[in-house]
Amino acid sequence: MKKFSTFYIALILLFLFAPIAVLIVFSFNAGASTSTMTGFSFKWYLELFRNSEILGALKNSLILAVSSSLIATVLGTAAAFGIHHMRNKHLRRSLMTATNIPMMNPEIITGISLMFLFVFVGGMLGLKTKLNFWTMLIAHVTFNLPYVILNVLPKFKQMDKSLPEAALDLGCTPMQSFFKVQLPAILPGVLTGLTMAFTMSLDDFVISYFTSGIDFQTLPVLIYSMTKKNVKPTIYALSTIIFVIILVMLLLSNLEKNSDERIRAKKAKEEKKRQEAILRAQKRRRQGKLQEEQPVSLLARKRRKPSFYLKLVAVICACSIAISVFVAIGLYGEKTLTLNVYNWGEYISDGSEGTLDTNQEFERYCEEVLGKKVRVNYVTYTSNEDLYAKLSTGAVSYDVVIPSDYMIARLASEELLEELDFSNIPNYETCIPEDFRGLYYDPDNKYSVPYTYGMVGIIYNANVVDEADTGNWDLMWNEKYSKQILQFNNPRDAFGTAFYKLGLDVNTTDTSVWDRGLEELKKQRPLLKKLVMDEVYNMMESGEAAIAAYYAGDYLTMVDNQAENVDLQFYYPERTNLFVDAMCIPKGAQNKELAEIYINFMLSEEVAIANAEYICYASPNSLVFNSETYKEDMGEEAYEILYPSEFDFAASYDQNCYKDLDKATKEYYNKKWEELRTAS
Amino acid sequence: MTKAKQVKKSNRSLLQRYAAAPHVVWSVLFVIAPLIFVAYYAFTDGDGGFTLSNVTEFFTPTYLKIFFRSLKLAFIATLICLLLGYPIAYFISRCKPKTQRALILLLMLPMWMNFLIRTYAIMVLIQDTGIINSFLGNFGIEPIHILGTETAVIIGMVYDYLPYMILPIYSVMTKLDYRLVEAAADLGCNGFQVLRKVIFPLSLSGVISGVTMVLVPSISTFYISQKLGGIDMLMIGDVIEQQYTASNYNMTASLSLILMLILLVGLAIVNRYSDSDGGGMMP
């Protein structure tokens with residue numbers, strides 16, 4: 001039995017720690033993959049300390065966790081005190097029910113309900129930014145409160161009722177009685193509550209996801225957008241560090257408790273010795289020996305060391321004070337302008353792996369050339385629809401956004417974009433060629449400056465797929481490769497593949513055409529491995545899947561990271577999707593002029609090349625695609641893929657891009673998509 | 001006695017009377033009011049007019065199927081957590097105090113890590129070209145296809161939420177009077193009978209609290225099913241999140257409202273069988 005239980009416990013622990021072991025091992029990977037190990041290195045740890053996005057988010061998480069857990073602890077302890085003394089049973093019970101709601105409710109509902117409240121009230125007050133640090137703070141205090149109350153309340157119940165009364169009888173004021181008598185008695189509960197609140201807040205993703213604004217992104221929310229894209233071992237490195245810190249803290253606390261126990265055992269022993277000594281003395285006395293003998297002198301009582309919890313609290317308090325000072329200096333110390341940039345993940349050169357950190361460059365440019373202190377607050381989103389959700393509710397205010405073409409058309413038609421003042425963007429005239437002006441989404445060149453463009457092609461693993469089967473869209477419907485094919489996980493792109501295959505218009509408003517697309521997708525469905533967006537990288541690089549339609553630029557990234565036994569190849573089918581992503585300024589931007597300067601800066605040669613090389617998408621900037629160094633850096637093959645020589649962009653764009661469709665059509669295809677996804 | 005009580009009553013200070021007031025205000029503003037907004041959005045259309053269509057939409061086959069799938073997966077995951085977690089809670093409670101503390105710390109350690117990353121690491125472990133399968137491949141065993149199946153989602157849930165099952169059960173087990181077990185054994189119960197008639201009933205409150213703490217997050221998860229599930233593995237949390245990103249707030253609200261009502265009713269029934277101080281998660 002004993003053996004079995006040991007074995008069983010070991011097995012469960014193995015199960016719980018295997019994934020953690022995986023991420024620790026891969027944090028030392030020499031390559032960028034999180035699934036194939038290519039060698040040992042510390043480079044992701046170096047990368048981590050250079051990554052201002054992750055470190056910023058970590059700082060935000062700590063600020064939020066410290067402040068929300070402290071507020072919740074104060075409020076919650078007071079509440080527990082009040083509830084404990086409440087005489088009215090009904091009030092007490094209904095208050096307990098209300099207290100329990102955030103704990104019992106699924107997090108997603110707590111998050112959504114708070115989001116509704118903030119957006120509604122913010123709208124009524126006419127606030128520009130409805131979700132920000134304060135809304136997150138409120139949300140976190142709200143879900144932390146029950147944990148504090150439920151930890152403190154039992155301590156009040158366990159406490160000897162006569163203690164506070166005695167204190168009052170002896171002349172304490174109620175305040176004194178609380179702080180001198182009751183608080184020490186409930187302290188362990190308060191501290192457990194505080195620690196729990198702190199951890200819950202630090203680790204919370206769901207509620208933060210729904211209540212976070214742009215100017216305050218916490219680590220879990222950042223990680224979520226990262227795991228949608230290509231996860232880099234940097235985040236594993238961070239997790240490993242956190243793991244080690246926590247492990248050390250827990251071990252210390254355990255040692256502390258053990259030493260406490262040892263002290264107690266020692267004391268018990270001493271007590272026993274004393275008793276024995278007294279007994280001996282009495283015996284001797286009885287035997288008539290008269291000389292006074294002192295009982296064996298006791299070891300001087302050692303002062304108890306402050307407990308682990310007290311130390312922890314001290315550390316947390318110190319940190320919080322340090323952070324608040326830091327924040328206060330950041331807020332009021334200097335007049336710093338903040339430029340909020342909202343972009344796709346991994347869509348700007350960020351200084352990793354020796355690249356140019358363009359945002360930092362811009363900050364330097366502002367300080368040196370314009371004499372202004374500017375901080376670029378760079379936040380990422382994962383889809384055009386995400387962006388739209390944030391913009392249309394007015395939940396947050398951005399200065400620069402980089403949506404795709406059809407979303408620009410939609411935002412423009414709903415008057416959610418500012419007209420650009422091109423006198424602040426002189427680079428536009430010199431470096432954006434005629435081909436990229438006056439495109440359908442912005443016919444009068446009022447709202448946008450193109451950032452990247454590209455085409456969808458088909459990526460396949462040549463070790464699995466027969467060369468003869470390639471060349472057109474049929475590959476994605478080929479039964480030979482059943483369960484090895486990946487399809488887009490969004491209706492527009494998925495229907496698009498079917499329409500291009502069938503030679504139909506991708507921008508049709510005719511529902512019967514959409515039905516034909518649906519039929520085609522239904523045929524393909526049994527052959528699919530998964531619907532993916534950014535997971536495509538991992539699945540193609542590791543050879544997990546063999547065929548996927550995706551963007552040419554992303555293919556180049558995948559080839560760099562492919563596993564040894566994978567040989568990724570790429571081709572454009574005859575008809576395929578073209579897109580342009582462009583920089584815009586949304587309505588309500590707080591620093592419009594600065595945003596225009598930023599856009600202009602992004603067009604300058606060095607910066608634009610750094611971005612193009614980092615993102616790997618084709619650039620509409622003539623300073624980039626005509627640059628010899630750029631061509632050299634990319635390599636001939638990659639350059640040919642991104643800028644096919646016999647290809648007329650302007651002619652094919654208008655036919656093959658996705659346009660913004662009317663509401664009825666959108667609703668129709670969304671419904672069909674839901675039908676396709678849920679059918680089994 | 002009555003006199004004493006009266007004295008006590010008159011002694012209730014202002015502090016005792018109003019200490020809970022901030023919490024009452026907070027609860028009304030940030031717990032009750034938001035739920036009213038959920039109800040408001042659930043019963044209105046985009047222009048603010050009253051409608052029932054968001055709610056009736058839920059009772060169409062599409063959504064019902066998704067809802068029952070969520071229920072099914074969450075129940076299976078909870079059951080597995082209980083079957084795995086109950087024995088381990090018992091075993092740990094029978095260890096020496098020092099070992100107990102060390103083991104509980106080990107169990108809690110993963111909970112301190114970000115669950116998004118842990119789930120992602122599971123994906124890396126179980127995918128067709130993942131570590132488990134390449135290990136098996138060394139012995140010439142065909143890769144086991146797990147990622148993208150319901151099994152994968154259940155594994156993810158069990159992995160993420162198992163500690164939430166073990167801790168409350170363990171915390172009840174440590175308070176269990178072991179003399180009762182010995183007495184039952186002396187009186188002729190066999191091992192199984194002791195478990196069924198003595199240990200289990202005494203640990204029921206821990207079990208209920210554990211079940212709640214696993215079931216609720218499992219039903220409403222969207223990250224686990226997104227990462228580990230397959231094409232047709234939509235869960236109710238996914239749909240809520242999708243409707244939210246598609247800016248369809250009214251449908252988001254109605255789905256949330258219905259999910260919440262069903263869970264609250266369920267939990268209220270379960271809680272009748274346990275004492276009111278559930279939630280003792282910390283040992």
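Q: Does Lys483(A) count as buried, exposed or partly exposed, given its C-beta neighbours inside 10 Å?
A: This is a predicted model. Lys483(A) lies in the loop between strand 4 (448-461) and strand 5 (485-488) of chain A. Its phi is positive, about 65 degrees, although Lys483(A) is not a glycine. A buried residue needs 20 or more neighbours and an exposed one has 12 or fewer; Lys483(A) has 14 C-beta neighbours inside 10 Å, so it counts as partly exposed.

Q: Is Glu415(A) buried or exposed?
A: Glu415(A) is placed in the loop between helix 15 (405-413) and helix 16 (427-431) of chain A. Glu415(A) is not a glycine, yet it has a positive phi of about 55 degrees. The limit for an exposed residue is 12 neighbours or fewer. Because Glu415(A) has 8 C-beta neighbours inside 10 Å, it counts as exposed.

Q: What percentage of the residues in chain A is buried?
A: Chain A contains 27 helices and 9 strands. Its C-alpha atoms fill a box of roughly 120 × 60 × 55 Å along the principal axes. Of the 680 residues in chain A, the buried share is 44%.

Q: What distance separates the centres of domain 2 and domain 3 of chain A?
A: The domain assignment gives domain 2 of chain A as 337-450 + 580-652 and domain 3 as 452-579 + 669-678. Taken over C-alpha atoms, the distance between the centres of these two domains is 27 Å.

Q: Which element gives the largest share of the side of domain 2 of chain A that touches domain 3 of chain A?
A: In this contact, 15 residues of domain 2 of chain A meet 11 residues of domain 3 of chain A. Strand 9 (578-584) and helix 25 (636-642) of chain A each supply at least two residues of the domain 2 side. By class, that side has 10 nonpolar, 3 polar and 2 charged residues. The largest share, 3 residues, comes from helix 25 of chain A.

Q: Which helix gives the most to the side of chain B that touches chain A?
A: The contact between the chains takes 82 residues from chain B and 86 residues from chain A. Elements giving two or more residues to the chain B side include helix 3 (21-42), helix 5 (61-93) and helix 15 (249-272) of chain B. The chain B side divides into 55 nonpolar, 19 polar and 8 charged residues. The most, 14 residues, comes from helix 3 of chain B.

Q: How are helix 3 of chain A and helix 3 of chain B oriented to each other?
A: The contact is formed by Leu75(A), Ala78(A) and Ala79(A) on one helix and by Pro22(B), His23(B) and Trp26(B) on the other. The axes are 7 Å apart, and the helices pack at an angle of about 115 degrees. Angles of 65 to 115 degrees count as roughly perpendicular, and the two helices are therefore roughly perpendicular.

Methods
Residues are numbered from 1 along each chain as its sequence is written. Chains are lettered from A and ligands numbered from 1 in the order in which they are written. This is a predicted model: local features need pLDDT of at least 70, side-chain atom pairs count only at pLDDT 80 or more; totals for chains, interfaces and linings use all residues. Domain bounds come from an automatic or database domain assignment. Two residues are in contact if their C-beta atoms, placed from the backbone, lie within 7 Å. Helices (H or I, at least four residues) and strands (E, at least two) are DSSP runs, numbered from the N terminus. Ala, Val, Leu, Ile, Met, Phe, Trp, Tyr, Cys and Pro count as nonpolar, Asp, Glu, Lys and Arg as charged, and the others, Gly among them, as polar. Axes are lines fitted to C-alpha atoms, for helices over the stretch in contact, and angles run from 0 to 180 degrees between N-to-C directions. Angles under 35 degrees count as roughly parallel, over 145 as roughly antiparallel, 65 to 115 as roughly perpendicular and the rest as oblique.
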